[in-house]
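Subject: Structure handover

Hello,

Please find the structure below. My notes on it follow.

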Amino acid sequence: MVERSFKILQRFGNQVPSMASCSRCHYKFLTPSKLQRDPIRAEQYLREKFGLHECKGETLGDPVGPRMIRRT
Ligand SMILES: [Zn+2]
């Protein structure tokens, strides 16, 4: 099972995170341009998006046990 973790891929000017991804499903999160000068809030924003995101792990090999799949 791949541990889900947050990874910053790119930064604006080596400081403000501009792109992050989920290590499990490789979903990418982008920092909105209004936060490009705010390293703290940019990272908070990315972490919040990561926290809310649901992995699309179906294509990454082994099943990780019973899944709760919510259908609407
Ligand atoms: Zn994910």
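Which residue in E3 stands opposite alanine 20? Alanine 20 has phenylalanine 29 across from it in E3.

Before the rest, two remarks on the source. The model is predicted, so local features need pLDDT of at least 70 and side-chain atom pairs count only at pLDDT 80 or more, while totals for chains, interfaces and linings use all residues. Residue numbers start from 1 along each chain as its sequence is written.

Overall layout

The protein has 1 helix and 3 strands, and from the N terminus on the elements run β-β-β-α. Helices (H or I, at least four residues) and strands (E, at least two) are DSSP runs, numbered from the N terminus. Of the 72 residues in the protein, 11% are buried. A residue is called buried if 20 or more other C-beta atoms lie within 10 Å of its own, exposed if 12 or fewer, and partly exposed in between, with C-beta atoms placed from the backbone.

The sheet

The 3 strands form an open sheet in the order E1-E2-E3, with antiparallel pairing. Its edge strands are E1 and E3, each of which pairs on one side only. From one strand to the next, the twist averages 25°. Two strands are taken to pair if DSSP finds at least two bridges between them.

Strand E1 (residues 6-12) and strand E2 (residues 16-22) run antiparallel and are joined by 6 bridges. Within this pair, glutamine 10 has methionine 19 of E2 as its bridge partner. E2 also pairs with strand E3 (residues 28-30), in the antiparallel sense and over 3 bridges.

Axes here are lines fitted to C-alpha atoms, for helices over the stretch in contact, and angles run from 0 to 180 degrees between N-to-C directions. Two residues are in contact if their C-beta atoms, placed from the backbone, lie within 7 Å. Taking the contacts in the protein between residues at least 6 apart in sequence, 37% join residues at least 24 apart.

The turns

E1 and E2 form a hairpin with 3 residues between them, and glycine 13 in that turn has a positive phi of about 50°. Asparagine 14 is also in the loop between E1 and E2. Its phi is positive as well, about 65°, although asparagine 14 is not a glycine. Asparagine 14 counts as exposed because it has 6 C-beta neighbours inside 10 Å.

The hairpin of E2 and E3 has 5 residues between the strands. Histidine 26 lies in this loop between E2 and E3, and its phi is near 65°, a positive value in a residue other than glycine. Why is histidine 26 exposed? Histidine 26 is exposed because it has 12 other C-beta atoms within 10 Å.

Ahead of the sheet

Serine 5 sits in the segment before E1. With 10 C-beta neighbours inside 10 Å, serine 5 counts as exposed. The C-alpha atoms of serine 5 and cysteine 22 are separated by 5.8 Å, the two residues being 17 residues apart along the chain.

Regards
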